Amino acid sequence: MSLLDREGTVVLEAAVPSDDPLWEGMGFTFDGPVDLTLRGLSSGTGEVVVRGTMKGRLRRQCRRCLEPVEDRLDEEVTMVFLPSDAPGAEEDGDARLFDPEAAQLDLSEAVREEVILAIDPYVVCEPECKGLCPMCGVDLNEESCGCAREEADPRWDALRALKEE
């Protein structure tokens with residue numbers, strides 16, 4: 001994104017493919033491209049503000065029963081970039097730094113971070129999902145099992161005694 005050589009607004013519209021290396025190691029996969037619509041504004045002071053939207057479909061697994069779950073990414077983002085040589089730039093925890101000598105602003109890592117922050121890490125297929133039996137692995141949404149649910153751990157005896165009083 002060429003914002004660093006001039007003032008004004010630059011619009012970036014991109015469809016980042018689901019198999020792009022940017023998404024590696026994220027713990028989920030996209031079902032199609034991630035659509036980015038970003039507007040970058042460069043100020044005369046060197047600060048760059050990028051605002052826009054990220055949209056895409058995700059393929060994930062329910063955290064309780066491991067069934068496939070379709071999820072959507074539809075997030076508005078605001079990213080602030082400061083030149084690394086700006087006074088106080090190191091202390092500003094909300095801003096990202098960039099090389100003031102660079103001709104372009106690389107948004108890839110910032111977009112990746114924003115996607116990670118936008119995705120709920122604990123997706124479930126249904127709020128009432130019972131999950132899998134921790135003993136035998138049976139999907140408790142489909143059938144029940146005969147496993148003992150409560151293991152008697154002697155370390156909890158004192159608390160159990162208080163609960164029973």
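1. Two helices and six strands make up the secondary structure of this chain, counting helices (H or I, at least four residues) and strands (E, at least two) as DSSP runs numbered from the N terminus. In sequence order the pattern reads β-β-β-β-β-β-α-α. Please keep in mind that this is a predicted model, in which local features need pLDDT of at least 70 and side-chain atom pairs count only at pLDDT 80 or more, while totals for chains, interfaces and linings use all residues. Residues are numbered from 1 along each chain as its sequence is written, and side-chain values use heavy atoms, with hydrogens and water left out.

2. On to the overall figures. The chain has 165 residues, and 32% of them count as buried; buried means under 20% relative accessible area, exposed over 50%, and partly exposed in between (1.4 Å probe, protein chains only). The accessible surface is about 11,200 Å², with 47% of it belonging to carbon and sulfur atoms; the areas come from the Shrake-Rupley method with a 1.4 Å probe, and for residues only the protein chains shown count as cover. Among contacts with a separation of 6 or more, 53% are between residues 24 or more positions apart, a contact being heavy atoms within 4.5 Å.

3. Next, the strand pairing, where two strands pair if DSSP finds at least two bridges between them. Strands β4 (residues 48-61) and β5 (residues 68-83) run antiparallel and are joined by 14 bridges. In this pairing, R60 stands opposite V69 in β5.

4. The turn of the β4-β5 hairpin deserves a look. Six residues separate the two strands, and L66 lies in this loop. L66 has a positive phi of about 70 degrees although it is not a glycine. With 46% relative accessibility, L66 counts as partly exposed.

5. Now the nonpolar cores, each a set of buried Ala, Val, Leu, Ile, Met, Phe, Trp, Tyr and Cys residues joined through side-chain atoms within 4.5 Å. The largest has 24 residues, and W23, F81, V111 and V115 have the most contacts inside it. At least two residues of this core come from each of β3, β4, β5 and α1. Another core, of five residues, lies apart from it and has C62, C65, V69 and C129 among its members. As background, nonpolar side chains tend to be buried together in soluble globular proteins.

6. Leaving aside neighbours within four places in sequence, V111 is in contact with W23, L36, L38, M54 and M79.

7. How many aromatic pairs does the model contain? The count is two, where rings of Phe, Tyr and Trp (its six-membered ring) pair if their centres lie within 6.5 Å, and planes under 30 degrees apart count as stacked, over 60 as edge-to-face and the rest as tilted. F28 and F30 form an edge-to-face pair, at 5.5 Å centre to centre and 85 degrees between the planes. Both partners are covered by the definition of burial: F28 has a relative accessible area of 13%, and F30 is at 2%. Ring pairs link W23, F28 and F30 into a cluster.

8. A search of the whole structure finds zero disulfides, a disulfide being a pair of cysteine sulfur atoms within 2.5 Å. The sulfur of C62 lies 3.7 Å from its closest cysteine sulfur, in C65, which is too far for a bond. C125 is in no disulfide either, and its nearest cysteine sulfur, that of C65, is 3.7 Å away. C62 is buried, with a relative accessible area of 1%, whereas C125 is partly exposed at 28%.

9. A last point concerns L12, which lies in strand β1 (residues 8-16). L12 counts as partly exposed, at 28% relative accessibility. L12 and T37 are 25 residues apart in sequence, and their C-alpha atoms are 5.8 Å apart in space.
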